[in-house]
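Here are my notes for you to read next to the picture. Take the points one at a time and find each piece on screen as you go.

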2 protein chains.
Amino acid sequence: METFEINILGCGSALPTYRHLPSSQIVNVRNNLFLVDCGEGTQLQIRRQQLKFSRIEHIFISHLHGDHCFGLPGLVSTFGLLGRTADLYIHGPENIEAVMQPMLSFFCQHLPYKIVFCPFKTNETTKIYENRAVEIFTIPLKHRIPCCGFLFREKPLKRHILREWTDFYQVPFSWMNRLKNGEDYQNQDGTVIPNSKLTAAADRSRSYAYCSDTAYNPNIIKEIKEVDLLYHEATFCNEDKDRATETFHSTAEEAAEIAKAAKVKKLLIGHYSARYDDEKTLLKEARDVFPQTEPASEGLTIKV
Amino acid sequence: METFEINILGCGSALPTYRHLPSSQIVNVRNNLFLVDCGEGTQLQIRRQQLKFSRIEHIFISHLHGDHCFGLPGLVSTFGLLGRTADLYIHGPENIEAVMQPMLSFFCQHLPYKIVFCPFKTNETTKIYENRAVEIFTIPLKHRIPCCGFLFREKPLKRHILREWTDFYQVPFSWMNRLKNGEDYQNQDGTVIPNSKLTAAADRSRSYAYCSDTAYNPNIIKEIKEVDLLYHEATFCNEDKDRATETFHSTAEEAAEIAKAAKVKKLLIGHYSARYDDEKTLLKEARDVFPQTEPASEGLTIKV
């Protein structure tokens, strides 16, 4: 299977603790690295986890709260010091350029590369990016300020060559890509060998949804239906549910309810409030509703 | 001796590495905590080193390069989340408010405390703060943009009570503070006991100078004459001296030359370029000139 994995750089909430950093993660789809949110310390975590700065071309900012974007100026500056020349695309809510550009203009003059801001509307689902490996969509969330999650849908994968049969029919190497794309093989005599004899079905396309920050919001269920992995914020325990409601965050149980209703394969919880010394209660309350729940932690790499 | 120590939070240069974070340190003078520079990750280091956020009332920013101030928005926001009510004073070059305020206004609304910007001129030595424990002066440095170091001069300390003699003369407790301040004791009969019989000399006042970032600049020697501890940037080794000159930074040897000429007691080097895997060469080149040199490192606490 080709790579599709998430590297957690930070999974705490606004107040950093000994144990957790603010929100940030790398989504790696077939070696395309996408940075999702960029809290303070993101570039330090990228270093620590030995991920490649130069592989990041697109950054997706869910919303303009500091714990999701205070790491941007430092990262932008570091890209410059590392001699980046490739354009950097920063996707975010509509005011992202107005908010970030003054600081970048002052501190990051003479960058050797170009920053392209790509604003998206936060009240509708839109495809905001695609390449050969993946399509990325916004997921409108319900927070104190405009906010979107992101859905990563892998593009259909190619069929697997059955080596013993291509050898048997002496299919030349130049044909392999056509076979992977589903074409039948025709040899020099005009004989047609059906594709199904020469290849096996492609792996299923995988999908990942990032939903942070958000109040409990059943509207997203249809958007994230049956994804392989859902990262959903789980800021509070049940006993702090009032606080969750007030601040437009979710409890771990609510995250699990969403996961269950959407029939996702696995739930990853994060964005933990600084008030808890560990994630035991959050995890228990989520697993009581949705057993296939894992807790995010800095340094975790999880396959989709 | 009362506390006078430095906690190194970060001592790398603009490009963070596995080993070093951008510039930041806490200067603790008799339990007054002063934050000097505030690179990205400063608040995370304050947490890790278990220093008290609430003790910090004054922040001193040497210059407006990102590696010396990108941690400010996060720290300001965290102070708010921690329920701070005391005013926060941010000292820095004249344009600091114009540069930082837009970001703070957007991201740090409704703070429960007030931020007071205290701009200083970077081309002259000025006393920018004093309290009962310490006086703080700017030290004009020579960098690509306006930049100042800071000199911390402990206020004179009080004399030590000689307990056996105050007991012998039956000096009442209410007199102790006057004795510490140097007054002679007069008992109820009118007999005068000279202060020198009842107290020993006060400890010597200590001083600390922070000089980063700067090209080799002999003008500072008179300002930092005989300080107990000098933190001086030492970005480059001798073999990269051209690069030091180009970028208005110092070599380790130049830092040591300054320390030697100023007859300081101890030199602490930092602001290491990311190009070196360790500080061995930097340290050797400094010690060849000034043996009382130590290398800064994250987590280091050094007494002045």
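1. Start with how the chains are compared: copies are superposed by least squares on the C-alpha atoms of residues with pLDDT of at least 70 in both. Keep in mind that this is a predicted model. Done that way, chain A can be laid on chain B with an RMSD of 0.1 Å, using a turn of 180° and a shift of 0.0 Å along the axis. That is the relation of a two-fold axis. If you want to find the axis from chain A, look for A:G41: its C-alpha is the nearest in that chain, 2.8 Å away.

2. Now for the place where the chains touch. Chain A puts 25 residues into the contact, and chain B puts in 25 residues. On the chain A side, helix 1 (42–48), helix 2 (72–81) and helix 3 (96–107) each supply at least two residues. Sorted by class, that side of chain A has 14 nonpolar, eight polar and three charged residues. And since 100% of the interface residues of chain A are also interface residues in chain B, the copies meet through the same surface.

3. Next, have a look at the sheet. Chain A has an open sheet of seven strands, in the order 7-8-9-14-15-16-17, with mixed pairing. Which strands stand at the edges? They are strand 7 (127–130) and strand 17 (293–295) of chain A; each has a single partner strand, so one side of each is left without a neighbour in the sheet. From one strand to the next, the twist averages 20°.

4. Strand 8 (residues 134–140) and strand 9 (residues 148–154) of chain A run antiparallel and are joined by seven bridges; A:I136, for instance, stands opposite A:F152 in strand 9 of chain A. Strand 14 (residues 207–211) and strand 15 of chain A, on the other hand, run parallel, with four bridges between them. Strand 15 and strand 16 of chain A also pair in the parallel sense, over five bridges, and there A:L229 stands opposite A:K266 in strand 16.

5. Is it buried or exposed? Five of its five residues are buried. In a regular strand the side chains alternate between the two faces of the sheet. Here both faces are covered, with A:L229, A:Y231 and A:E233 buried on one side and A:L230 and A:H232 buried on the other.

6. Stay with A:L230 for a moment. It is the bridge partner of A:A209, and among its contacts beyond four places in sequence are A:A209, A:I224, A:A259 and A:L267. The largest nonpolar core has 150 residues, and A:L230 is one of those with the most contacts inside it, along with A:I139, A:L267, B:I139, B:L230 and B:L267.

7. Last, the helices by the sheet. Seven of the 10 residues of helix 8 (residues 252–261) of chain A are buried, so this helix is largely enclosed by the rest of the structure. Among the buried ones are A:E253, A:E254 and A:I258. Their cover includes strand 15, strand 16, helix 9 and strand 17 of chain A. After helix 8 comes A:K263, with a positive phi near 50°. Helix 9 (residues 280–289) of chain A lies across strand 16 and strand 17 of chain A, at about 170° to strand 17.

Definitions and conventions: Residues are numbered from 1 along each chain as its sequence is written. Chains are lettered from A and ligands numbered from 1 in the order in which they are written. This is a predicted model: local features need pLDDT of at least 70, side-chain atom pairs count only at pLDDT 80 or more; totals for chains, interfaces and linings use all residues. Two residues are in contact if their C-beta atoms, placed from the backbone, lie within 7 Å. Two strands pair if DSSP finds at least two bridges between them. Axes are lines fitted to C-alpha atoms, for helices over the stretch in contact, and angles run from 0 to 180 degrees between N-to-C directions. Ala, Val, Leu, Ile, Met, Phe, Trp, Tyr, Cys and Pro count as nonpolar, Asp, Glu, Lys and Arg as charged, and the others, Gly among them, as polar. A nonpolar core is a set of buried Ala, Val, Leu, Ile, Met, Phe, Trp, Tyr and Cys residues joined through C-beta atoms within 7 Å. A residue is buried if 20 or more other C-beta atoms lie within 10 Å of its own, exposed if 12 or fewer, and partly exposed in between; C-beta atoms are placed from the backbone.
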